[in-house]
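Subject: Handover of a structure

Dear colleague,

I am handing over the structure shown below. Please look through it before reading the notes that come after it.

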Amino acid sequence: MAGEAPELSAQERAGKAFPVSWDQFHRDCRALTWRLNEVGPFHAVIAITRGGLVPAAIVARELGVRVIDTVCIASYDHDKQGELQVLKGISDAAMKLGGGTGKGLLIVDDLVDTGKTGRMVREMLPDAHFATVYAKPMGRPLVDTFITEVSQDTWIFFPWDTALSYHPPLRDGAG
Ligand SMILES: O=P(O)(O)OC[C@H]1O[C@H](OP(=O)(O)OP(=O)(O)O)[C@H](O)[C@@H]1O
Ligand SMILES: O=c1[nH]c(=O)c2nc[nH]c2[nH]1
Ligand SMILES: [Mg+2]
C-alpha cells in the first residue's frame with residue numbers, strides 16, 4: 001500500500017553483521033568436535049539442511065562417524081522466515097539407529113536463531129544430542145553444545161553465502 005513502510009527482513013532487523021570466513025568456520029567446527037568428543041560416541045550425524053551440511057561433514061570427519069543423514073527443512077526465503085516445511089524427514093535407517101527416539105544420534109546445524117527449526121527437529125528426535133556452531137539467545141536453550149553465542153540482533157554471514165568485495169574506508173575520502 002502507498003506510504004506504508006516496507007517490511008524489514010530478519011537480516012535488516014538484525015542490524016549487526018558477523019561475517020565468518022571459511023577458515024574461521026573450520027576452526028569453530030573443530031572446536032565443536034572437541035566438545036562433542038566428550039559426549040559421544042554417536043551412531044550417526046543428522047544434518048539439518050542446508051546450513052547443517054558443512055558443519056556435519058567436518059564434525060563427522062573428526063569424530064569418525066560415517067553414517068550421515070539429512071532432515072531437509074525450508075524456512076527462511078533468503079532472509080525472511082516463513083512457515084517451516086519439512087521437505088524430507090529422517091530416514092528409517094537413521095531412526096532405527098537412534099532406537100526411534102534419537103538416542104546416540106547427533107543433530108548438527110550451523111546456528112540456532114529463533115529456535116523454530118531446532119525445536120521441530122528435537123520433536124522428531126527427543127533423545128538426540130543437538131549441536132550448532134553458533135547460537136543466538138532465543139534458540140540457545142534448545143542446543144546441547146555450541147561454540148559461539150552472538151546477540152539476537154546480529155546476522156551471521158556464512159562463507160557459502162558471501163563473496164569478497166570492495167569495502168569503502170571508514171573515513172570519507174580516505175580511499
Ligand atoms: O532458529 P531459526 O530461527 O529457525 O533459524 C535457524 C535456521 O535458519 C537457517 O536455515 P534456513 O531456513 O535459512 O535454510 P538453509 O539452511 O537451507 O539456508 C539456519 O541454517 C538454521 O537452520
Ligand atoms: O545466514 C544466516 N544468518 C543468520 O544469522 C540467520 N538466522 C537465521 N537464519 C540465518 N541465516
Ligand atoms: Mg538451516
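The notes below describe what was found in this structure.

This is a predicted model, in which local features need pLDDT of at least 70 and side-chain atom pairs count only at pLDDT 80 or more, while totals for chains, interfaces and linings use all residues. Residues are numbered from 1 along each chain as its sequence is written, chains are lettered from A and ligands numbered from 1 in the order in which they are written, and side-chain values use heavy atoms, with hydrogens and water left out.

Overall architecture

The protein chain has five helices and eight strands; helices (H or I, at least four residues) and strands (E, at least two) are DSSP runs, numbered from the N terminus. Read from the N terminus, the order of elements is α-β-α-β-α-β-β-α-β-α-β-β-β. Taken along the principal axes, the C-alpha atoms fill a box of roughly 60 × 40 × 25 Å.

Ligand 1

Ligand 1 is surrounded by 15 residues, and the closest are Arg 50, Asp 109, Asp 110, Thr 114 and Thr 117. A residue counts as near a molecule if one of its heavy atoms lies within 4 Å of it. By class, this shell holds three nonpolar, seven polar and five charged residues. In that classification, Ala, Val, Leu, Ile, Met, Phe, Trp, Tyr, Cys and Pro are nonpolar, Asp, Glu, Lys and Arg are charged, and the others, Gly among them, are polar.

Strand E3 (68–77), strand E5 (105–112) and helix H5 (116–124) each supply at least two residues of the shell. The largest share, four residues, comes from E5.

Polar contacts (pairs of N or O atoms within 3.5 Å) link the ligand to several side chains. A polar side-chain atom of Thr 114 lies 2.5 Å from an oxygen atom of ligand 1. For the side chain of Thr 117, the distance from an N or O atom to an oxygen atom of ligand 1 is 2.6 Å, and for that of Ser 75 it is 2.7 Å. On its own, ligand 1 has 500 Å² of accessible area, of which the protein covers 88%; such areas come from the Shrake-Rupley method with a 1.4 Å probe.

Ligand 2

Around ligand 2 are Tyr 76, Leu 111, Asp 113, Lys 136, Trp 155, Ile 156, Phe 158 and Asp 161. This shell divides into five nonpolar, no polar and three charged residues. A polar side-chain atom of Lys 136 is 2.8 Å from an oxygen atom of ligand 2. A nitrogen atom of ligand 2 lies 3.4 Å from a polar side-chain atom of Trp 155, and a nitrogen atom of the ligand is 2.7 Å from a polar backbone atom of Ile 156. The protein covers 87% of the 270 Å² of accessible area that ligand 2 has on its own.

Record annotation

Under "binding site", an unreviewed UniProt entry lists Asp 113, Thr 114, Gly 115, Lys 116, Thr 117, Trp 155 and Ile 156. Such annotations may be inferred rather than shown by experiment, and the positions are given in the numbering used here. Gly 115 is found in the loop between E5 and H5.

Cis peptide bonds

Most peptide bonds are trans. The bond from Gly 40 to Pro 41, however, is cis, with omega near 5°. Pro 41 is placed in the loop between helix H2 (22–37) and strand E2 (44–49). The bond from Thr 49 to Arg 50 is also cis, with omega near -5°. Arg 50 lies in the loop between E2 and helix H3 (53–63), and is among the residues closest to ligand 1.

With kind regards

Conventions: Polar contact = N/O pair within 3.5 Å; in protein donor to acceptor, adjacent residues only side chain to side chain.
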